[in-house]
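Here is a short briefing to read with the model on screen. Keep the sequence at hand and check each point as you go.

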Amino acid sequence: MKNIILIVFVAFFTIANAEFALKLLQNNVLTGNFSNSLILSLPPCSLAGKQVNLQYNSTGTNDANTLTEIFKVPGCRSKRGLISVTENNGQVTLNKELGYQVTNLRNGTEYSFQYIVDQDKSSVLTASTRTATSYTQIDESLPGRSAAMIIITVLLSVAMLLLIVGLIVSILIGNTED
């Protein structure tokens with residue numbers, strides 16, 4: 001009898017503390033991380049219909065942010081969608097529902113994320129946004145011209161001048177003979 005109680009207790013304890021995997025979305029898209037946002041995978045469809053909360057913080061600071069009721073977990077057979085990709089082969093259009101995009105993140109910062117669905121929690125995912133250079137720091141000046149570029153430009157300019165002079169001369173000669 002004690003063994004049965006122990007087995008039941010362990011089963012309930014593991015169910016109550018079960019974690020599902022949270023991943024950065026990498027397949028079916030080019031990348032899951034951008035300079036100011038990340039795309040996270042959806043919770044499993046066994047939690048369909050339940051509201052999802054997202055808890056995240058920057059690993060450099062300990063400021064915890066919580067987004068409450070950001071979406072309902074879609075069912076397995078219904079649209080699973082938050083980020084949607086459409087494929088069309090001319091006959092059939094297929095929509096794939098991929099993940100949730102967390103926006104308004106800082107450039108080049110590492111974050112840790114965790115979904116909370118009722119009593120279920122996801123594993124903690126650590127991911128970082130890409131480091132992007134500000135457009136004001138991009139050097140847009142033209143590098144020095146090579147001697148070959150200068151020679152080609154001069155030759156083309158002289159050839160164009162000769163063509164225009166030839167055109168004018170041919171028009172004048174053509175009009176004087178009539």
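How much of the accessible surface of the protein belongs to carbon and sulfur atoms? The share is 58%, out of a total of about 13,000 Å². Bear in mind that this is a predicted model.

**Overall build**
- The protein has 2 helices and 10 strands.
- Along the sequence, the order is α-β-β-β-β-β-β-β-β-β-β-α.
- Of the 178 residues, 25% are buried.
- Take the contacts with a separation of 6 or more: 57% of them join residues 24 or more positions apart.

**Confidence**
- The average pLDDT is 78, and 73% of the residues score at least 70.
- Confidence is highest in helix H2 (residues 147-176), with a mean of 92.
- Confidence is lowest in helix H1 (residues 2-16), with a mean of 50.
- Residues 8-15 have a pLDDT below 50, and beyond near neighbours in sequence this stretch makes 1 contact in the model.
- Where pLDDT is low, predicted coordinates should not be read in detail.

**The largest nonpolar core**
- This core holds 21 residues.
- Leu40, Leu54, Val102, Leu105, Phe113 and Tyr115 touch the most other members.
- At least two core residues come from each of S2, S3, strand S7 (99-102), strand S8 (110-117) and strand S10 (125-128).
- S8 is the top contributor, giving 4 residues.
- What does leucine 40 touch, leaving out residues up to four places away in sequence? Its contacts include Leu54, Val102, Phe113 and Tyr115. Among the others are Leu22, Lys23, Gly99 and Leu125.
- In soluble globular proteins, nonpolar side chains tend to be buried together.

**Two cysteines**
- Cysteine 45 lies in the loop between strand S2 (38-41) and strand S3 (51-58).
- Why does cysteine 45 count as partly exposed? Its relative accessibility is 26%, and the partly exposed class runs between the buried limit of under 20% and the exposed limit of over 50%.
- Cysteine 45 and cysteine 76 are 31 residues apart in sequence, yet their C-alpha atoms are 5.2 Å apart in space.

**The annotated segment**
- Which residues does the UniProt annotation "transmembrane region" cover? The record, an unreviewed entry, gives residues 147-173.
- In the model, residues 147-173 are 100% helix and 0% strand.

Technical notes. Residues numbered from 1 in each chain as written. Predicted model: local features only at pLDDT ≥ 70, side-chain atom pairs only at ≥ 80, totals over all residues. Heavy atoms only, no water. UniProt positions renumbered as here; feature names shortened; annotations may be inferred. Buried < 20%, exposed > 50% of the residue type's maximum accessible area, 1.4 Å probe, protein only. pLDDT = per-residue confidence, 0-100. Contact = heavy atoms within 4.5 Å. Areas by Shrake-Rupley, 256 points an atom, 1.4 Å probe, with all protein chains shown as cover. Core = buried A, V, L, I, M, F, W, Y, C linked by side-chain atoms within 4.5 Å.
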